[in-house]
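User: I'm new to reading protein structures. Could you walk me through one, feature by feature?

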Amino acid sequence: NRQFRLAQRPVGLPTDDTFRYLEAPLGEPDEGQVLVRVRYLSIDPAMRGWMNDSKSYIPPVAIDEVMRALGVGEVIASRHPQFAVGDFVNGALGVQDYFLGEPKGFYKVDPQRAPLPLYLSALGMTGMTAYFALLEVGTPEAGETVVISGAAGAVGSIAGQIAKLKGCRVVGIAGGEEKCRYLVDELGFDATIDYKHEDMAAGLKRTCPKGVDVYFDNVGGDILDAVLTRLNFKARVVICGAISQYNNKEAVKGPSNYLSLLVNRARMEGFVVMDHAAQFPKALQEMGGWLASGELKSREDIVEGLENFPDTLLKLFRGENFGKLVLKVH
Ligand code: NDP
């Protein structure tokens with residue numbers, strides 16, 4: 001069983017010393033356990049946060065523990081009443097060939113209904129994040145201007161499409177011309193800002209002449225600061241993520257333009273997807289409907305080979321992924 005374990009906590013970007021690669025012998029399930037052959041792993045910016053020894057919404061990965069990763073796989077042995085050999089499951093499988101343990105929080109997925117990687121993108125945590133962060137925290141109304149950063153990424157691209165379905169004017173912020181073109185031509189965004197090649201203040205002025213009603217923030221940092229200056233009265237800022245800050249060696253710098261919230265009686269609210277778990281089934285049904293009708297497109301960026309995990313993770317921070325980054329294991 002090939003595994004990547006956390007060897008040391010990185011300072012800044014993960015390096016060659018961050019993970020230890022090993023081949024461990026594979027056991028048999030005890031009572032209440034399952035053995036799952038990992039098929040696809042979700043590669044998430046949050047993984048970087050899980051490596052820090054600090055208080056968060058879940059405990060950090062311990063040193064020498066298998067690196068945490070969500071994934072989909074096939075049950076190949078089971079001593080658990082709810083899972084049988086041949087079932088496909090979604091859960092925290094870890095960066096390894098096989099998961100052996102209690103299937104805590106695991107749920108079944110149907111490979112006949114959708115290809116497995118889709119259960120890690122639109123029909124998984126990514127889709128649920130976009131859906132609930134936008135609709136429950138952003139509360140967009142038809143005709144409003146919604147700005148989304150990390151817009152060509154997994155969460156951002158879905159959030160933008162949902163905002164379009166709700167009748168909003170949608171502006172995406174992404175790095176590079178190809179990503180920006182895709183957002184407009186393929187996903188129906190109204191406008192984009194290529195933050196790598198355009199000044200943010202000028203870009204926001206150009207694309208949001210009527211100001212910003214909802215800002216869905218995936219990146220934090222200077223982009224958040226720039227958008228704050230364009231907020232409308234009663235605007236909502238959704239703090240979904242802050243990828244620009246995850247590899248900081250110094251403390252995260254807060255937004256200096258936050259008084260815009262006061263002036264505009266606006267609010268900024270943090271979001272954690274698991275808080276909405278009870279409502280996932282209903283949301284998945286709606287998302288499934290949009291996918292089936294073609295109103296929603298999901299794009300997966302699939303890298304092959306468990307051995308490529310460390311560099312695949314870094315792709316997120318280099319902006320090299322296009323859509324949901326997935327590692328194919330088997
Ligand atoms: P993405 O697919 O969006 O990949 C990350 C993207 O971030 C990259 O492709 C890159 O795009 C962009 N990026 C990287 N570095 C920077 C930077 N310094 N400044 C601006 N943009 C940068 O990942 P996800 O969709 O999986 O995650 C998006 C966000 O949502 C993350 O912040 C993540 O932590 C958060 N999240 C939060 C959840 C929650 O419950 N709160 C749940 C799931 C995700 P580009 O080429 O455009 O720079």
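Analyst: We'll go through a sheet, a helix, the ligand site and a few backbone angles. Keep in mind that this is a predicted model.

User: Let's begin with the sheet. In what order do the six strands of the open sheet come?

Analyst: Read a sheet by going from strand to neighbouring strand. Here the order is β10-β9-β8-β11-β12-β13, and the pairing is parallel. β10 (191–194) and β13 are at the edges with a single partner strand each, so one side of each has no neighbour in the sheet. On average, neighbouring strands are turned by 15° against each other, ignoring direction.

User: How many bridges join β8 to β11?

Analyst: Three bridges link β8 (residues 145–149) with β11 (residues 212–217), and the two run parallel.

User: Now a helix. Which strands does α2 lie across?

Analyst: α2 lies across β8, β11, β12 and β13, and it runs at about 145° to β12.

User: And why is α2 called largely enclosed by the rest of the structure?

Analyst: To judge burial, count C-beta neighbours: 20 or more within 10 Å makes a residue buried. In α2 (residues 125–138), 11 of the 14 residues are buried, so the helix is largely enclosed. Among them are Met128, Tyr131 and Phe132.

User: What about the ligand? Where does it lie relative to domain 1 and domain 2?

Analyst: Check which parts of the chain supply the shell around it. Domain 1 (2–121 + 299–328) and domain 2 (125–274) both give residues to that shell, so the ligand lies between them. Of the 31 residues around the ligand, Gly153, Ala154, Gly175, Gly241 and Gly319 come nearest. By class, the shell has 17 nonpolar, 12 polar and two charged residues. α2, α3 (154–165) and α9 (309–318) each supply at least two of the shell's residues.

User: Is Lys234 buried or exposed?

Analyst: Lys234 counts as exposed because it has 10 C-beta neighbours inside 10 Å. Arg265 counts as exposed too, with 10 C-beta neighbours inside 10 Å.

Key
Residues are numbered from 1 along each chain as its sequence is written. This is a predicted model: local features need pLDDT of at least 70, side-chain atom pairs count only at pLDDT 80 or more; totals for chains, interfaces and linings use all residues. A residue is buried if 20 or more other C-beta atoms lie within 10 Å of its own, exposed if 12 or fewer, and partly exposed in between; C-beta atoms are placed from the backbone. Helices (H or I, at least four residues) and strands (E, at least two) are DSSP runs, numbered from the N terminus. A residue is near a molecule or strand if its C-beta atom, placed from the backbone, lies within 6 Å of it. Ala, Val, Leu, Ile, Met, Phe, Trp, Tyr, Cys and Pro count as nonpolar, Asp, Glu, Lys and Arg as charged, and the others, Gly among them, as polar. Domain bounds come from an automatic or database domain assignment. Two strands pair if DSSP finds at least two bridges between them. Axes are lines fitted to C-alpha atoms, for helices over the stretch in contact, and angles run from 0 to 180 degrees between N-to-C directions. Two residues are in contact if their C-beta atoms, placed from the backbone, lie within 7 Å.
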